[in-house]
Amino acid sequence: GYVSSSPSANSRVFTYDNVRFADNYYQQDGSYEPLFTFDFDGVRAEGAYNFQIPSSVLKSGGGSLSHSDVHTWYYGTVTATLPSDYAGYSGATRNNDGDESFPDSWYGASGVPARTATGFAFTEIGGASRDGLPLSGAKSAAAPLQSVFNGDVSYGTPGWTEHGGGGSAPVAGSGDQYFQLSASGDNDYRRHNAMYFDRYADGVAYDYWINTAATTSGADDVLQVLVGGNVIDTLLLASTTSGFARGRISSLGYTHDGFAATLEFRLVDVAGDGLESAVRIDNATVVESPPSVSADLDGNAIVDGADFLNWQRGFGTYLHATRLAGDANDDGNVLANDLGAWRAGYGEASSIPAVLTTSASIAPVDAALEAFALGGARATSSVTATVSRRVNY
């Protein structure tokens, strides 16, 4: 996130628009990464509440680096409500994080809020009001992220070895790189660290190149694809290929609501007579089958103003949102992208089964909402209507 030429400039640290609230605490003393001291300047995060802790405050306690004291300062907001004689783990007290002490004077002066009204107070369990807190810049649109991090092996192994990954199958190839699985050492497998398979994930796609085939009787070497340690595909390595076979799909074979697991490619000697084969792996991705996008949120077979009202009422729902609540793209959230789906589908008929019936016409309300949503309503106009609806379960 650093902008080395100007640490105070807008940084590359940002907040996605499906994050309800983010806060960021940092200090800047104007000496960006001075040699041998590593007392870094922090930076602000776009779309978040940012608070720059005055360096003059941090210099009155803590350790030798103001950069590290930011962590200690935040710890003090966590322990603010503990009794003064609190004794915690490994030397931690109300005013000590186990390594460094921090004085009460770090809070409530020099523009720093009271100790119980900042930092940890803004967490869900802290309970302090976030209303009126200034946000810096704008949030960034949340787009789908690459689920298999570095699945195309474009720059080595990040994403495959840390946090539950493993294997030393080397990276090979110039330009279009790949993993080379072979019998040497633990080069016979490569495991991606734990990642999230969302509720629409139904398989794994990958490219493979069998460059050395098993030659003994039975040619029994196989490539296994494992998700969470469970084998979802087995490929016999009895003959070579002339290059990469593209887009082989290994199906999960079961339904789920989303889960976290590792992804692994492994050579297996079925008969126990030794591995002889070698195979190259590239372009691993998770295959998903999401439902079709429909902005017919109320199920009345047309995308109209009533659907806009559903979106408006549900806007800001971040978990387990239904289509009726405004989730047009079925991602569990009700955000601006759902409004985009409504705009794109406005006026279109829908094949989504109706879930609502009306006991009174809603055409006048639809017309008013459509005019408002499309920018046709005048500031002086007002609309009132009473609509009775019955929900069918």
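## About the model

In this predicted model, local features need pLDDT of at least 70 and side-chain atom pairs count only at pLDDT 80 or more, while totals for chains, interfaces and linings use all residues. Residues are numbered from 1 along each chain as its sequence is written, and side-chain values use heavy atoms, leaving out hydrogens and water.

## Aromatic pairs

Rings of Phe, Tyr and Trp (its six-membered ring) pair if their centres lie within 6.5 Å; planes under 30 degrees apart are stacked, over 60 edge-to-face and the rest tilted. The count comes to 22 aromatic pairs. One of them is the stacked pair of Phe51 and Trp73, at 6.2 Å centre to centre and 20° between the planes. Phe51 lies in strand S2 (residues 49-52) and Trp73 in helix H2 (residues 66-78), so the pair ties together parts 22 residues apart in sequence. Helices (H or I, at least four residues) and strands (E, at least two) are DSSP runs, numbered from the N terminus. Both Phe51 and Trp73 are buried, meaning under 20% relative accessible area, with exposed over 50% and partly exposed in between (1.4 Å probe, protein chains only).

## Around Arg191

Arg191 belongs to strand S5 (residues 189-197). Its side chain makes a polar contact of 3.1 Å with that of Glu264; such a contact is a pair of N or O atoms within 3.5 Å, where, within protein, one must be able to donate a hydrogen and the other to accept it, and residues adjacent in sequence count only if both atoms are side-chain atoms.

## Charges over rings

Arg266 lies over the face of Tyr189, 4.5 Å from the ring centre, and the charged end of Arg280 sits over the ring of Trp209, 4.6 Å from its centre. The rule asks for NZ of Lys or CZ of Arg within 6 Å of the ring centre and within 35 degrees of the ring normal.
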